[in-house]
Amino acid sequence: SLLNGKLDAGFVFSKISKNDIFSIHLKTVDLLIAVPTAYSHSLEKSGWEALSQMPWICSDGYCPFQGITEKLFKNRGYSLLNTISTNDEFTKLDLVRQGLGASLLLTEECKTDVSTGKIIAWETEPIRCDLYLAFLSEKKNDPIFRILTKSINTVWNNNS
């Protein structure tokens, strides 16, 4: 982690609200609710209710996607059925492909599977999350981190 010095910098979804962490917004990513194809008929009829009754592949540690998922259900008066837990996004996608449950995933990582019919992208309002580069605030003026910040801004076309 950044605070204990194990990492110098890292990519994080969702801004860290700590004074000792400096973050640079890189982009906003689109998320989708990835559903096994076997559930397509029940979703057409029951929507969020059907989603709340199917098994879900969730995160077993901190993940902003998990918080977003739980909020989506809570705002509609439902909760989700956490059946399988993992922190690896590619494992989540593979488990959805295998029909073991639904999951909130990066749209970009699911495009091929959706277009080839291996999974369903359940249609709902746009779901988004911000991606940041984060490092300790005390390193903001360090020459290496100034170069890193400049390079990140150049590569990501960011004007921060």
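The structure is a predicted model, in which local features need pLDDT of at least 70 and side-chain atom pairs count only at pLDDT 80 or more, while totals for chains, interfaces and linings use all residues. Residues are numbered from 1 along each chain as its sequence is written, and side-chain values use heavy atoms, with hydrogens and water left out.

The chain contains six helices and six strands, where helices (H or I, at least four residues) and strands (E, at least two) are DSSP runs numbered from the N terminus. Read from the N terminus, the order of these elements is β-β-α-α-β-α-β-α-β-α-β-α. The C-alpha trace spans about 55 × 30 × 25 Å along its principal axes. Of the 160 residues in the chain, 39% are buried; buried denotes under 20% relative accessible area, exposed over 50%, and partly exposed in between (1.4 Å probe, protein chains only). A contact is defined by heavy atoms within 4.5 Å. Among contacts between residues at least 6 apart in sequence, 76% join residues at least 24 apart.

Helix H6 comprises the 13 residues 143–155. The expected span of a helix is 1.5 Å times one less than its number of residues. For H6 this gives 18 Å, and the end C-alpha atoms are 18 Å apart, so the two values agree. Four residues of H6, namely Phe145, Thr149, Ile152 and Asn153, are buried. These residues lie on the same side of H6, because they cover an arc of only 100° around the axis; the arc is that of the directions from the helix axis to the C-beta atoms. In general, an α-helix has 3.6 residues a turn, so residues three or four places apart point the same way.

At its start, a side-chain oxygen of Asp142 comes to within 2.8 Å of the backbone nitrogen of Ile144. Such a polar contact is a pair of N or O atoms within 3.5 Å; within protein, one must be able to donate a hydrogen and the other to accept it, and residues adjacent in sequence count only if both atoms are side-chain atoms. After H6 comes Asn157, which has a positive phi, near 50°.

Seven salt bridges are found in a search of the whole structure, a salt bridge being a side-chain nitrogen of Lys or Arg within 4 Å of a carboxyl oxygen of Asp or Glu. One of them joins Lys139 to Asp8, with the closest N and O atoms 3.4 Å apart. This pair links distant parts of the chain, since Lys139 is in the loop between S6 and H6 and Asp8 in the segment before S1, 131 residues apart. Lys139 is partly exposed, at 22% relative accessibility, and Asp8 is likewise partly exposed, at 47%. Another salt bridge connects the side chains of Asp30 and Arg128 (3.0 Å, N to O). Here strand S2, which holds Asp30, is linked to strand S6, which holds Arg128, and the two residues are 98 residues apart. Asp30 counts as partly exposed, at 40% relative accessibility.

A further salt bridge is formed by the side chains of Asp113 and Arg97 (2.9 Å, N to O). Asp113 lies in helix H5 and Arg97 in helix H4 (residues 89–97), so the pair ties together parts that are 16 residues apart in sequence. Helix H5 itself covers residues 107–115. Asp113 counts as buried because its relative accessibility is 6%, whereas Arg97, at 37%, counts as partly exposed. A network of salt bridges links Asp94, Arg97 and Asp113. Neighbours within four places in sequence aside, Asp113 is in contact with Leu93, Arg97, Lys118 and Ile119.

A disulfide is a covalent bond between the sulfur atoms of two cysteines. With the criterion of a pair of cysteine sulfur atoms within 2.5 Å, zero disulfides are found in the whole structure. For Cys58, the closest cysteine sulfur is that of Cys63, and the distance of 9.8 Å is too far for a bond. For Cys110, the closest cysteine sulfur is again in Cys63, and the separation of 13 Å is too far for a bond. Cys58 is buried, with a relative accessible area of 1%, and Cys110 is buried, with a value of 0%.
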